[in-house]
Amino acid sequence: MKKSIAIIGAGSMGTAISILLSKNGNSVRMWTPFKEEADMINTAREHIHRLPGVIVPEGVICTDDLEKALDGAELAVLAVPSQTIRQNSRNISKYIKKNMIVVSCSKGIEEGTRMLLTDIIRQEIPQALPVALSGPSHAEEIARDIPTTVVAASENREAAELVQNIFMSPKFRVYTNSDVKGVELGGALKNVIALCAGISDGLGFGDNTKAALMTRGITEITRLGTAMGARPQTFGGLTGIGDLIVTCTSMHSRNRRAGILIGQGKSVKEALDEVKMVVEGVATAKPAYELGQEYNVDMPITREANEVLFNGKNPKQAVVDLMMREKKDEIEELI
């Protein structure tokens, strides 16, 4: 079952996945557009900026040559920011053989088109078999062999099971799921809720507030997902509530950290500059709210997140407006 695998993206997740797959006995080539980054990883055997102190196995070769990275590859993994999935898919398409599996480790919704990422891969690489790999999985913990459990989602059962077999290890468990839409929506939308959880922390609010945000957050995620054709059970699993928990509570979470800074009074730009890494929740907030409008689904937390992020609304006022919404019955609100 050992494979030749190309990892597209050498950030924290790309590096962590490379380490995992190399330890599983696979031949791994990792691509970055930055020669300096490739040289650093190949020479220092660690990603000094993203995963300091974590050794990258000798079996992982990093290159800035895309053709070299994909030469002879039997499987490709996209570990890039969600808003670059289309361009990266387009770039690798000519190297992808018919029925070759392309795994997306990214979580997001494309701005403008409001497309999910495996749909973009399918559009740009029609000969590929896309698989979404998602769940509560901080790269910092995967790279350090901390037990992690995720889901491989594909409409093609054999493709999902092959990814399951390749990625599984004593420290990395993989389930399969055919509900690709539910898996991808859960992974994307929880980033918006995590931003809000961080804002709550930055405002000095407590556990009560965060518990409410997470509970009501998964409710609106499930409402939208169900309206779009996903299975409601998916949102009670690893890629729904599981990913929401870890992203709302961990300091590894870029979304939560950015939210904390916004809650403390910094502008969105200042927060993003300080985090210094991609904060997917910011890019996902607008298309998420637009999807809610398209499917006539009430998403009050996502709406207020957009007001704070893009219209300069005071986060404290956003909280008041959420708390003072029209009175509801909780069970009716779950529907």
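**Note on the predicted model: cores, helices and enclosed space**

1. T15 is buried, with a relative accessible area of 1% (buried means under 20% relative accessible area, exposed over 50%, partly exposed in between, with a 1.4 Å probe and protein chains only). The residue is found in helix α1; helices (H or I, at least four residues) and strands (E, at least two) are DSSP runs, numbered from the N terminus. Not counting residues up to four places away in sequence, T15 touches A10, M30, I41, H47, L51 and V56, where contact means heavy atoms within 4.5 Å.

2. On the source: this is a predicted model, in which local features need pLDDT of at least 70 and side-chain atom pairs count only at pLDDT 80 or more, while totals for chains, interfaces and linings use all residues. Residues are numbered from 1 along each chain as its sequence is written, and side-chain values use heavy atoms, with hydrogens and water left out.

3. Helix α2 covers residues 35–44, and E37, A38, M40 and I41 are buried in it. Seen down the axis of α2, these buried residues fall within an arc of 160°, so they line one face of the helix; the arc is that of the directions from the helix axis to the C-beta atoms. Exposed residues E36 and T43 sit on the face of α2 turned away from its buried side. Among the elements covering the buried residues of α2 are α1 (12–23), β2 (27–31) and β3 (60–63).

4. Which residues touch the most other members of the largest nonpolar core? They are I109, L185, L189, L224, C248, I262 and L309, in a core of 42 residues. A nonpolar core is a set of buried Ala, Val, Leu, Ile, Met, Phe, Trp, Tyr and Cys residues joined through side-chain atoms within 4.5 Å. Two or more residues each come from α8 (180–202), α9 (207–227), α10 (238–249), α11 (254–263), α12 (268–275), α13 (280–294) and α14 (300–311). α8 gives the most to this core, with 10 residues. Leaving aside its neighbours within four places in sequence, L309 is in contact with L195, I262, V268, V282 and A285. A second, separate core has 37 residues, including L20, L133, I142 and V150. In soluble globular proteins, nonpolar side chains tend to be buried together.

5. Nine of the 10 residues of α11 are buried, so this helix is largely enclosed by the rest of the structure. The buried residues are N255, R256, R257, A258, G259, I260, L261, I262 and G263. After α11 comes G265, with a positive phi near 110°.

6. G186 has its place in helix α8 and is buried, with a relative accessible area of 1%. Not counting residues up to four places away in sequence, G186 touches I221, F235 and T239. G186 and G135 are 51 residues apart in sequence, yet 8.7 Å apart in space, C-alpha to C-alpha.

7. The largest pocket holds about 980 Å³ of space. On a 1 Å grid over the protein atoms alone, a pocket is an open set of points with protein on both sides within 12 Å along at least five of seven lines, a cavity is a set of points where a 1.4 Å probe fits but cannot get out, and lining residues have an atom within 4 Å of a point. Grid points are joined across faces, edges and corners, and a volume is the space filled by probe spheres set on the points. Of the 47 residues that line the largest pocket, S12, M13, V80, P81 and R254 lie nearest its centre. The largest share of this lining, four residues, comes from α1. By class, the lining has 19 nonpolar, 20 polar and eight charged residues; Ala, Val, Leu, Ile, Met, Phe, Trp, Tyr, Cys and Pro count as nonpolar, Asp, Glu, Lys and Arg as charged, and the others, Gly among them, as polar.

8. How many cavities of 30 Å³ or more does a search of the whole structure find? Two are found. The largest cavity, about 50 Å³, is lined by I19, L20, K23, I142, D145, I146, K171 and F172. α1 gives the most to this lining, with three residues. The second largest cavity has a volume of about 30 Å³, and its lining has three nonpolar, four polar and two charged residues.
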